[in-house]
Amino acid sequence: MPGTDKGMDKASTTRRDLLQLAAAGGAAAGLFGGMGVTSALAAETGRSEKPLKAAFSNAGLQATWCAQGKQAAEFWGKLFNVEVTWFDGQLDAVKQRAAIDNMASQKWDFVAIQAFGIGTLTQPVQKMIDAGTPVIDMDTLIAPLDQINVHSFLAPDNEFMGASVTQALCNAIGGKGKVIMTQGALGHTGAQGRAKGFNSVVKQFPNIEVLDTQPADWDVSKTARLWETYLTKYPQIDAAFFHNDDMALAAANIMKAHNRTNILIGGVDAMPPAIQAVSEGRMFATVRNPSCRIHGGAIVAGVAAVVGGEKSGQGIPKHVVTDGPVVTKANAAGMQWMEDHFLI
């Protein structure tokens, strides 16, 4: 019906204008209060009229993926009127547990957590859930979803990410040769999924030999030490898959120092330095683990729970898959632009 289409177009335009206005309001402090449309605007965009307090923690801000996530959470927090307090995991399960114990001793409108390792934070997280605080799980499982009632779990398909980059590497070396996988933290369910994806692909290539699969725990110093050893021990390495870009680029520096730049490198996260490395040919491939979408999505999910009364498993699915694409020279520039604006 023509009339219905016009009505829908008008509603769509109105909503788009309001969203653009909301974004502008989030960027300029105090703008909403002086516009005279606070209630309508907040209702339309989901923005909270009153300031909300949220606590966030991820594995460790030494990792560029986590640092980008903090920036994204704070950016989206400003748009949705949320004050974000950070509890750094410091890439250490014991230190993160102490931080989350501290978090659980305070009152928050909602919290969002990426655990350094599965099962390490269950008790303090359960305490917050029991107190009625919505807990959004990011990127890696705090505990299996049937064991802890988080509001939602926002994460990529880690098995897909591991498999897609490994497939690209295996194809590039013609399905034969010697490869190494450098893992993240073994207790991190994201790393477990990436390893599973790697293994699912290499077993299809009988002429590919896996030389080593030791973990480096997302730590660039550990990665450098491992690869100093590998380059001395193995005269032939054709390709290397790393569970994140930070480790991949750390190893690339060691390879360059040893004049072993013929090794094809694949990573995960598609952080800006890796996008640049792919564009320049220093890395062969990476895949986007959308830090901005996950951390920004946690803000939106928390606000929707508190302001809109959205229920776990009803208004929001228990598990939200937040995939990103494999990054090649063809799409690298666009991916960088979206990251610059905290969109993926």
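This is a predicted model: local features need pLDDT of at least 70, side-chain atom pairs count only at pLDDT 80 or more; totals for chains, interfaces and linings use all residues.

**Exercise 1. How many bridges pair strand β6 with strand β8, and in which sense do the two strands pair?**

Solution. Start by finding the two strands: β6 covers residues 177-182 and β8 covers residues 239-242. They pair in the parallel sense over four bridges. Strands are DSSP runs of E with at least two residues, helices are runs of H or I with at least four, and both are numbered from the N terminus. Two strands pair if DSSP finds at least two bridges between them.

Residues are numbered from 1 along each chain as its sequence is written, and side-chain values use heavy atoms, leaving out hydrogens and water.

**Exercise 2. Which strands stand at the edges of the four-strand sheet, and which helices pack on the sheet?**

Solution. First write down the order, which is β7-β6-β8-β9 in an open sheet with parallel pairing. Now look at the ends: β7 (208-212) and β9 (264-266) each have a single partner strand, so one side of each has no neighbour in the sheet. From one strand to the next, the twist averages 25°. Axes here are lines fitted to C-alpha atoms, for helices over the stretch in contact, and angles between N-to-C directions run from 0 to 180 degrees.

Helix α8 (residues 220-233) lies across β6, β7 and β8 and runs at about 160° to β6. Helix α9 packs on the sheet too, touching β6, β8 and β9, at about 145° to β8. Contact means heavy atoms within 4.5 Å.

**Exercise 3. What is the strand order in the open sheet of six strands?**

Solution. The order is β2-β1-β3-β4-β5-β11, with parallel pairing. At the edges you find β2 (82-86) and β11 (319-321), each pairing on one side only. The twist averages 20° from one strand to the next.

Now walk through some neighbours. Five bridges join β1 (residues 52-57) to β2, and A55 has T85 as its bridge partner there. Another four bridges link β1 to β3, where F56 stands opposite A112. Between β3 and β4 there are three bridges, and I113 has D137 as its partner in β4.

Finish with the side chains of β3. F110 and A112 point one way, V111 and I113 the other way, and all are buried. Buried means under 20% relative accessible area, exposed means over 50%, and partly exposed lies in between (1.4 Å probe, protein chains only).

**Exercise 4. Which residues touch the most other members of the largest nonpolar core?**

Solution. A nonpolar core is a set of buried Ala, Val, Leu, Ile, Met, Phe, Trp, Tyr and Cys residues joined through side-chain atoms within 4.5 Å. The largest one has 58 residues, and F56, W227 and I299 touch the most other members. Helix α9 (residues 245-257) gives the most to this core, with seven residues.

Then zoom in on I299. Leaving out residues up to four places away in sequence, I299 touches F56, A73, W76, G77, F80, V82, V84 and F110. Why group residues like this? In soluble globular proteins, nonpolar side chains tend to be buried together.

**Exercise 5. Is T286 buried or exposed, and which side chain makes a polar contact with the side chain of T286?**

Solution. Locate T286 in strand β10 (residues 286-287). Its relative accessible area is 0%, so T286 is buried. The side chain of D245 is joined to that of T286 by a polar contact of 2.8 Å. A polar contact is a pair of N or O atoms within 3.5 Å; within protein, one must be able to donate a hydrogen and the other to accept it, and residues adjacent in sequence count only if both atoms are side-chain atoms.

**Exercise 6. Where is F75 found, and what does F75 touch?**

Solution. F75 is in helix α3. With a relative accessible area of 33%, F75 is partly exposed. Not counting residues up to four places away in sequence, F75 touches H341 and F342. F75 and F342 are 267 residues apart along the chain, yet their C-alpha atoms are separated by 7.8 Å.
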